[in-house]
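Subject: Structure for you to look at

Hello,

Here is the structure I said I would pass on. Please open it alongside this message and follow the residue numbers as you read.

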Amino acid sequence: MDGRILAAILVAVFLLGVLALMALAWRRRVSRDARVGPLPELPEPRPVPSLTVEVLYVATSKHDQPLERLALEGLRYRSRVTLELGAAGVVVDVPGERPTFIPATSIVGIDQTNLTIDRVVEPGGLLRLSWHPVPSVIADSTFRVLEQADRARIIDAVTSIIPAADAGLRPTGTPDTVVEASSTDDRTPPPHERARP
């Protein structure tokens with residue numbers, strides 16, 4: 001057999017093996033994260049949003065562990081999505097998936113970051129929504145804003161519905177970046193310019 005053909009066959013077998021291992025790892029992760037529990041059901045009738053925004057959904061990870069993915073139902077794949085924000089909470093509408101409803105009562109906070117799974121951007125280039133998929137777990141869902149003017153509107157909409165009990169709760173390890181007050185313009189001040197409580 002020609003050496004080049006043999007080499008091509010070996011490379012193909014190796015790549016197939018890698019893909020098989022990746023698929024197996026993904027199935028195990030999905031199975032593991034399914035045990036987190038069922039996510040809240042979208043209320044009927046569907047909540048009327050006060051703000052609807054197109055953004056890029058990037059990933060959901062364990063709280064303060066941006067490289068540890070949570071493969072929650074409806075939030076497994078990166079996609080362009082519609083965010084619906086209102087008094088009841090946040091709806092993440094991923095094409096082809098069941099809309100994910102994040103009740104206002106489960107939201108911990110919102111801040112800006114530059115790092116999550118498979119994505120590193122400029123400082124503050126991602127919005128991170130911290131929330132409870134179930135009472136015992138905090139997840140961080142990250143979004144890339146397409147229109148910069150939408151950034152402050154999203155932050156304002158989320159901070160306005162955070163429960164009073166959580167108003168002073170900052171995600172662990174990010175004491176200077178959780179937004180606790182509404183922005184007055186389209187630019188969120190950098191951490192060193194924000195007033196500390």
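Below are notes on one serine, the strands around it and the cavities.

Please keep in mind that this is a predicted model.

Start with Ser106. It sits in the loop that links strand 5 (100-103) to strand 6 (107-113). Is Ser106 buried or exposed? Its relative accessible area is 7%, and because the cut-off for buried is under 20%, Ser106 counts as buried. A polar atom of the Ser106 side chain lies 2.9 Å from the backbone oxygen of Pro103. Leaving aside residues up to four places away in sequence, Ser106 touches Ser130, Trp131 and His132.

Which strands pair with strand 9? One is strand 6, which pairs with strand 9 in the antiparallel sense over 6 bridges. Within this pairing, Gly109 has Ser130 of strand 9 as its bridge partner. Ser130 is also one of the residues that Ser106 touches.

Another is strand 10 (residues 137-145), which is again antiparallel to strand 9, over 6 bridges. Here Arg128 has Thr142 of strand 10 as its bridge partner. Strand 9 and strand 10 make a hairpin, with 2 residues between them.

Now the empty space. Rolling a probe the size of a water molecule over the atoms shows where such space is left. How many cavities of 30 Å³ or more does the structure hold? There are 3.

The largest cavity holds about 60 Å³ of space. Its lining includes Pro47, Val48, Pro49, Glu84, Gly86 and Phe101. Strand 3 (79-86) and strand 4 (89-93) each give at least two residues to this lining. Sorted by class, the lining has 9 nonpolar, 2 polar and 1 charged residues.

The second largest cavity has a volume of about 50 Å³. Leu83, Leu85, Val90, Ile110, Leu127, Leu129, Phe143, Ile154 and Val158 line it. Strand 3, strand 9 and helix 2 (148-159) each supply at least two residues of this lining. What classes of residue make up the lining of the second largest cavity? It has 9 nonpolar residues, no polar and no charged. Leu85 and Val90 are named in the lining of the largest cavity and also in that of the second largest cavity.

Regards

Methods. Residues are numbered from 1 along each chain as its sequence is written. This is a predicted model: local features need pLDDT of at least 70, side-chain atom pairs count only at pLDDT 80 or more; totals for chains, interfaces and linings use all residues. Side-chain values use heavy atoms; hydrogens and water are left out. Helices (H or I, at least four residues) and strands (E, at least two) are DSSP runs, numbered from the N terminus. Buried means under 20% relative accessible area, exposed over 50%, partly exposed in between (1.4 Å probe, protein chains only). A polar contact is a pair of N or O atoms within 3.5 Å; within protein, one must be able to donate a hydrogen and the other to accept it, and residues adjacent in sequence count only if both atoms are side-chain atoms. Contact means heavy atoms within 4.5 Å. Two strands pair if DSSP finds at least two bridges between them. On a 1 Å grid over the protein atoms alone, a cavity is a set of points where a 1.4 Å probe fits but cannot get out, and a pocket is an open set with protein on both sides within 12 Å along at least five of seven lines; lining residues have an atom within 4 Å of a point. Grid points are joined across faces, edges and corners, and a volume is the space filled by probe spheres set on the points. Ala, Val, Leu, Ile, Met, Phe, Trp, Tyr, Cys and Pro count as nonpolar, Asp, Glu, Lys and Arg as charged, and the others, Gly among them, as polar.
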